[in-house]
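This briefing sets out the sheets, helix contacts and annotated sites of one protein model. Please read it alongside the sequence and the three-dimensional view.

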Amino acid sequence: MKNKTILIIFTGGTISMAKNIETSKTILKDNKDELLQSISSELSDISLLSIQFSLKPSPAITPEDMFTLAKLTKEQLNNPEIDGIVITHGTDTLEETAYFLDLYLDITKPVVFTGSMRNFSELGFDGLSNLLSSILVAASPESTKRGVVVMMNDEINSAAEVTKSHTLALDTFKSMEFGPIGIVEQENVLYYRQTHYPRVLLSPKYIIPEIEIVKVYSGSSSLILNLLIDSHVKGIVLEALGRGNVPPQMIPGITRAIEKGIPVLITSRCPKGRVLDSYGYEGGGHHLKQLGVIFTNNLSSQKARIKLMLALGMTSDLTKLVQYFK
Ligand SMILES: NC(=O)C[C@H](N)C(=O)O
């Protein structure tokens, strides 16, 4: 009799890719059974179930895919026979899907995202060790009540904190500011700390995906903002400068968006630190706050967008939205 049952949901990504011999380019490959077979002998007291959710590179994963995956995961977590879930995913947008599920799921059972940086045909394919370690994390009693986590390269990071930091390196997933929450050391799963953020639960009936990110740079104008407003976007994430500031030429666009009831979120293009309304000059954080923008603390732009998609499914009331981002 096996102790634990872990469900693996495959979505695609490099872990489900191999080299095409003719073109020598990396393409998708349905290798689910080979992956499962290769690791099963290492797991004497864990039985595995699996679902092929999709076979997509992660740049092709849509917000609707994330929502469907979140609902499927919730349904499976409610099955008393399942002790934890591992989700394989392409690494390019893994942090977005993982954060979506972290916000959506009211969970105590472990949900662990993983993937690989090298494909199935490459020497040193990291998919097998990542999958194996993720299953150990999902089966560990220590992993309960930690929200959704990401396990890559034997480091465990919180979905709320982690980002892909390197285009190629195996240790690409980093919580830049706070470090990993734990590690996998052979068969041991060790946690160092709790997640930095208190969890906010957002489980709407529908999502609002029409949210765009605008990167701010010296000399940025209102041009893109006006185009977005004219295209009827439902929200804008401004990846601002430093502590959360923009050039004065963006103020007319920001003011127009807010007047039209489009929420404008502020993140920073700095990879570390939080945004705050400290500067009083034109376009400074304090000025933006007076106009009605929403500050998002330490969230990256891509995660602020995910959170707004879910939050707008719950409310369009600006005061309530501000509370969600506190
Ligand atoms: N390592 C990877 O999985 C990258 C791939 N482009 C993906 O995100 O699907």
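The points below are grouped by topic, beginning with the basis of the model.

The model is predicted: local features need pLDDT of at least 70, side-chain atom pairs count only at pLDDT 80 or more, and totals for chains, interfaces and linings use all residues. Residues are numbered from 1 along each chain as its sequence is written. Helices (H or I, at least four residues) and strands (E, at least two) are DSSP runs, numbered from the N terminus.

**The eight-stranded sheet**

- Eight strands form an open sheet with mixed pairing, in the order β4-β1-β5-β6-β7-β8-β11-β12; two strands pair if DSSP finds at least two bridges between them.
- The edges are taken by β4 (46–56) and β12 (188–191), each of which has a single partner strand, so one side of each is left without a neighbour in the sheet.
- From one strand to the next, the twist averages 25°; such angles run from 0 to 180 degrees between N-to-C directions, and axes are lines fitted to C-alpha atoms, for helices over the stretch in contact.
- Strand β1 (residues 4–12) is joined to β4 by eight bridges in the parallel sense, and I6 has L48 of β4 as its bridge partner.
- At β12, the pairing with strand β11 (residues 182–185) is antiparallel and comprises four bridges; I183 has L190 of β12 as its bridge partner.
- The hairpin of β11 and β12 has two residues between the strands, and Q186 in this hairpin takes a positive phi near 50°.
- Helix α3 (residues 94–104) lies across β6 (111–114) and β7 (148–152), and runs at about 150° to β7.

**The four-stranded sheet**

- A further open sheet has four strands in the order β13-β14-β15-β16, and its pairing is parallel.
- Its edge strands, β13 (211–215) and β16 (294–295), each pair on one side only.
- Five bridges in the parallel sense connect β13 with strand β14 (residues 235–240), and V214 stands opposite L238 in β14.
- Helix α8 (residues 301–314) packs on this sheet and touches β13, β14 and β15 (264–268), its direction making about 160° with that of β14. Contact here requires that the C-beta atoms of two residues, placed from the backbone, lie within 7 Å.

**Helix contacts**

- Two packed helices are described by the angle between their axes and the distance between the axes.
- Helix α1 (residues 32–40) and helix α4 (residues 127–139) pack at an angle of about 65°, and their axes are 10 Å apart. This makes α1 roughly perpendicular to α4; angles of 65 to 115 degrees count as roughly perpendicular, under 35 as roughly parallel, over 145 as roughly antiparallel and the rest as oblique.
- The crossing in which α1 passes α4 is right-handed. A crossing is right-handed if the near helix is turned clockwise from the far one by less than a right angle, and left-handed if anticlockwise.
- L35, S38 and I39 of α1 make this contact with G127, L128, L131 and L132 of α4.
- By class, the contact of α1 with α4 has five nonpolar residues, two polar and no charged. Ala, Val, Leu, Ile, Met, Phe, Trp, Tyr, Cys and Pro count as nonpolar, Asp, Glu, Lys and Arg as charged, and the others, Gly among them, as polar.
- The axes of helix α5 (residues 223–230) and helix α6 (residues 251–259) come within 8 Å and cross at roughly 20°. The two helices are thus roughly parallel, and α5 passes α6 in a left-handed crossing.
- On the α5 side, L225, N226 and I229 meet G253, I254, R256 and A257 of α6; the contact comprises four nonpolar, two polar and one charged residues.

**Annotated domain and sites**

- An unreviewed UniProt entry lists residues 6–194 as "domain: L-asparaginase N-terminal"; UniProt positions are given in the numbering used here, feature names are shortened, and annotations may be inferred rather than shown by experiment.
- The span of residues 6–194 is 25% helix and 29% strand, and its end C-alpha atoms lie 23 Å apart.
- For "active site", the unreviewed UniProt entry lists T14 and T91. These residues span 78 residues in sequence, yet no two of their C-alpha atoms are more than 7.6 Å apart, so they gather at one spot.
- T14 is in the loop between β1 and β2 (17–19), whereas T91 is in the loop between β5 (84–88) and α3.
- The feature "binding site" is placed by UniProt (unreviewed entry) at S58, T91 and D92. Although spread over 35 residues of sequence, these residues cluster in space, with a largest C-alpha distance of 6.8 Å.
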